[in-house]
Amino acid sequence: MSTPSGDDGAVATAQNTQKLSAAEVNLDEKDPVYAEVANISEVEANKKLHNFGMLHRWDPNLSNDAFEVIDEAKEAHDIKAEANLVGEFVENSPYPEVRAVVRNYDEDLPCNTIRAWTIGMVLGTIVCALNMLFSMRNPSITITTYVVQLIAYPIGVGWSKVMPDREWNVLGVKFNLSPGKFNIKEHTIIVVMANAAFANTGYFTDTILAIEKFYGFGYASAIWPSNLVNVAFMYALHDHSPSDPSKSNGWSIGRYKWFLYVFAASFVWYWFPGVIFQGLTYFAFVTWIKPNNPVVNQLFGQYTGISLLPITFDWTNITGYVYSPLISPWHAIGNIALGTVFFFQIITCAIHYSGVWYAEYLPISDNHVWDNTQNLYNTSKILNDDYTVNPAKFEAYSPLFLSTTFGLTYGLNFASIAAVISHVTVFHGREIWARFKMTRGEMDDIHMKMMRKYPKVPTWWFMCVLVVMIAFAFAGIYAWPTHLTWWALILGLAISTVWILPIGLIQAFTNIQLGLNVFTEFIIGYALPGRPLAMMLFKTYGYITMTQGLAFVQDLKLAHYLKVPPRSTFWSQFIATVWCALVQLAVLKWAEGAIDGLCDSEQKNSFTCPGARTFYNASVIWGVVGPKHMFSPGALYVSLQYFWLVGFLLPILVYLLAVKWPRSNIRFLSAPLFFGGMGSIPPASPVNYLTWSVVGFFFNKYIRNKYRGWWMRYNYITSAGLDCGLAICTILIFFTITLTNTDIPQWWGNVDIWNTMDMTDTAIQKILPTERETHLHRLTYINGQRTQQQRLAGRASRDELTSAQTQNTRSRAKSDAPTPMGGERRPTSSRKSPASSAHARKSSLENLLREGPPNGDLLPGLSELRYKVLSSRVEATSTGMSEYRIYLWLILLNVSPLPTDEYLSLVHRGRSPADQKIRNDTFRTLATDPLFQRRVTEASITRVLNAVAWNLHDIKQENPLTPEIPPDLSTGITCESALYVQGMNVLSAPFLYAARSETEAYALFYHFVTHECPGYIRGAMEGVHKGLALVDKCLSLVEPKLANFLLSKGMHAEIYAFPSVLTFCACTPPLPEVLHLWDFLFAYGPHLNILCIVAQLLMLKDQLMSSPSPGKILQKLPALNSEKIIGLTIVALRKIPDDVYEELVSHAK
């Protein structure tokens, strides 16, 4: 920098001392910035601009044009230009978005008021409790601080109108319930309390659930972009004045009114992707065309695919993982878009389709951990009772396998953590050091200067909180068996302390926070292997401490922007945090006692604890299995360790290039964002990030550059309106539709779009035959060796049943349990001693299925299997779901596992000739059963029924002239068989509900229809009518008095029992009882369903015979009680003569 000399220097000096007018520096005389630059000398201005350029040399939020203007003014020593630039960049904020949103003056307004604290604490308590409760539900819902900010405004305004504005004096304490109008600083206190209390539901609750259920202003120079939305929204709510068209590209509408328009539009629009046409959320139309092509679904899928055509019309899908795209600056958006395309489309395809990591046997993108049989990793197979790993069990079980994007994400996490350190060092190290050395206040802007009038928070306040919390941490790890050592706790806190500055600096510039979750898991996995509880705590102290710290810093910046006194901010943060932690803990403990089956995967109200489950799975994978088995030499994913080196070196390369070409766009490249900005993939997919990038680039690059006035005035208000409209609509939908189990419109756009391989996470190129399938092949083959005479006569099953009942009764006689009498038959499971519980017997049933019969004696093993079904109930959840029931059915019905491709070939044929009849019924299938409706879609029922219809069609085509085919020689299907009859939809329902896949359900249902009850769909449903006649006949044999009474009333079985015969009682709820009844029927013969119906009549005997209108009672049978029905069925069976029993066995054939 040259300096003037001689006479010219004297003239320059004289000019430098003159006071500059407001017009000369482009400022208003009332502007506080003008007072700072009016008397500035050229030397001082030049120095400030020099220091500014040094500190902001690599600031990505400043354009190259800004630096060129500063350099030109410095070189010309133009005092007017320099003073103007000092006012714009140094005294005011250097960022146009901040200057547009944040006012550079302060108003003396009360903020620490009873009104603010009352509203803040009440809203905080209510919303904190609701967020905690619904975080345990799937799908969950979060009430955001934008919603609180919106709701608090009318409450505060209403308070000021209702409460008197007067000073009260109670025992010498003076206070005012309503000190003037509800103001912006009070509103800020409420928002800060909300952010501190429940911006994210307390991480500690996930730790508790996982254990119990599964085992200062240091960044003042930066923007913190998300705060600008809160600030703009705050001013819009409190200032309803119109805009100046000359400053906003001709727009005069006020920001408050514009917010209401955008809010209303967002609210109305979300009803379409949220309820009316859910296909708008993941608009993967290519997968709709080819729903069962794995490669197409991998490439074009948007849920578990890589989104080569990213299209969505749902704001939740755009903002779901990185918040509003209108917040982050364009350079951050560009880095993330570049990283998404490069890593999660190009590199992912290269890895996946080259067969690396056994990718052809795995999904291309999901966040599950798989074993070597293509099943989800079963951690119970490798754990000891104290939740530590058993090395022998691990070696005997399986390594861990990850989807391609999931594996790649770990490498990118390694790279981003290394890149953060080198990037901040080379790009911002000098700035950090220079600020450390600068005189206090030397480069303070106008906002910092205005905040000096408020007392600071003493350092000892923070230190006291720190010491107390560390003491609690040490007490916690030693008071309970956490397996976390003292040095590991210190290490975790040290990691948070070291990384909070570099990660916070990047967040402050870009609004993107990089995570330490993988890094902390990696460190503790090596340091304390095999300790999942220690891993959870270490992750909390090493990662969440930093995250919460940055959240508090961000709130401090918000208060700084809105000129709220620091001490008021401190206490609002502190009290709200402590109080909300207690509220969350109280809600959690209440839920554990009040919600039955909390965190069960099939919990009836969907309180399945998805967050805690994910947290638990991560703790087991990293804490139990550990990184040694994944990333050490010899492990499958060891090559990902190179990402540490790549991540560390890339920022250095970018820096060297930026130094060589300092005004090129190279300086906007950010390696941490390039590697780690897409950290939520999976479960996010590229569609989330790419659509976010397109929208963000449009607003924050195109509109910002071309329509700067509009952008500065309306951009952040637009973001707030979109987010608030969506949030309110989501809450309304949740409480009125989701929580009440109200059906949304059932049509293709809400049903079939969810049944692609992409949406069902089944887009896998190669399917392995599992060990279980091989075992089932062996069992079902031997099961099929029973002679046809035995299968026809059913004598073996009848003898086995009566023998089993006798054996079971004798075992009960030896115990304290009474022998069942008549219709009052008790559950059949026996208890040999208090120590020998029914659980052991149930476990033996599962063991027999898993391991096969002793010594390979399969025929006796089948008899034992049937006996165990009778003597003890299949272990299942309260919703009837069992891990092994479907395999039990496959064995008992002699159904071999069906290759998925065989089923898909039928599905691909599309609509069968019976499709219209099928679709007339499917929407009614168990329509009032919430368990069924949550688990099985109409599309699944339609596909299975159409596949069966196609198969029946083909059989009929093969035998077009055959009037009858003896059922002992074929399936029992003839040319007279229907492709579909009304009621088959209900008959298919339990198979679909219990099965793991549609293929299993189809195999069982097709076999059942063609082998067990082909007569039910032949001719005029002749088998059903035979069954109805048998109901009357059997009832007259078992209970003649009741039979005669019903006949006297004209109540033949044809009138009331048709659905029960046709559907094998599946038409009568509850579904879990139907499944238990079917266990019995499949074990001893589906023909016994006729006697089960008779048993239900026996249970209603007294009620029927005392009623003048028994027909009304029989119009809708009472809820099934499978235990009683099975007991009465066995009693009735003893009264059935052999000839009638033969009719029972053969009536459906």
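The tour below starts with the whole chain and then visits cores, a surface patch and charged pairs.

**Before you start**

This is a predicted model, in which local features need pLDDT of at least 70, side-chain atom pairs count only at pLDDT 80 or more, and totals for chains, interfaces and linings use all residues. Residues are numbered from 1 along each chain as its sequence is written, and side-chain values use heavy atoms, with hydrogens and water left out.

**Stop 1: the whole chain**

Show everything as a cartoon. The protein has 53 helices and four strands; both are DSSP runs numbered from the N terminus, with helices being H or I of at least four residues and strands E of at least two. Switch to a surface and you have about 48,400 Å² of accessible area, 60% of it belonging to carbon and sulfur atoms (Shrake-Rupley method, 1.4 Å probe; for residues, only the protein chains shown count as cover). Of the 1149 residues, 56% count as buried. Here buried means under 20% relative accessible area, exposed means over 50%, and partly exposed lies in between (1.4 Å probe, protein chains only).

**Stop 2: the nonpolar cores**

Select Leu484, Trp499, Leu516 and Phe631. Within the largest nonpolar core, which has 165 residues, these four touch the most other members. A nonpolar core is a set of buried Ala, Val, Leu, Ile, Met, Phe, Trp, Tyr and Cys residues joined through side-chain atoms within 4.5 Å.

What does Leu484 touch, not counting residues up to four places away in sequence? Its partners are Ile477, Leu489, Ile524, Leu528, Ala534, Leu537 and Phe538, where contact means heavy atoms within 4.5 Å. Apart from this core lies another one, of 121 residues; Leu987, Leu1088, Ile1130 and Ala1148 are among them. As background, nonpolar side chains tend to be buried together in soluble globular proteins.

**Stop 3**

Select Val268, Trp269, Phe272, Ile276 and Phe313, which make a nonpolar surface patch of about 440 Å². Patches are made of residues with over 30% relative accessible area and no salt bridge, with like charges joined within 9 Å and nonpolar side chains (Val, Leu, Ile, Met, Phe, Trp, Tyr) within 5 Å. Helix H12 (255-269) and helix H13 (271-276) are the elements that give two or more residues to the patch. Phe272 lies in helix H13 and counts as partly exposed because its relative accessibility is 35%.

Stay on helix H13 and pick Trp271. Trp271 is partly exposed, at 24% relative accessibility. Beyond residues up to four places away, Trp271 touches Ile276, Cys729, Leu732, Ile733 and Ile737.

**Stop 4**

Select Ala116 in helix H7, residues 114-135. Is Ala116 buried or exposed? Ala116 counts as buried because its relative accessibility is 0%. Its C-alpha is 6.9 Å from that of His187, which is 71 residues away along the chain. Leaving out residues up to four places away, Ala116 touches Cys111, Glu186, Ile189 and Ile190.

Next, show the side chains of Glu186 and Arg115, which meet in a salt bridge at 2.8 Å, N to O. A salt bridge is a side-chain nitrogen of Lys or Arg within 4 Å of a carboxyl oxygen of Asp or Glu. The pair links distant parts of the chain, with Glu186 in helix H9 (residues 184-198) and Arg115 in helix H7. Glu186 is buried at 0% relative accessible area, and Arg115 is buried at 0% as well.

**Stop 5: further salt bridges**

How many salt bridges does a search of the whole structure find? It finds 20.

- Arg663 and Asp71 form one, with the closest N and O atoms 3.9 Å apart. Arg663 is partly exposed at 32%, and Asp71 is partly exposed at 30%.
- Lys589 and Glu592 meet at 3.4 Å, N to O. Both lie in helix H25 (residues 566-594), three residues apart, about one turn of the helix.
- Asp106, Asp108, Lys185 and Lys453 are linked in a network of salt bridges.
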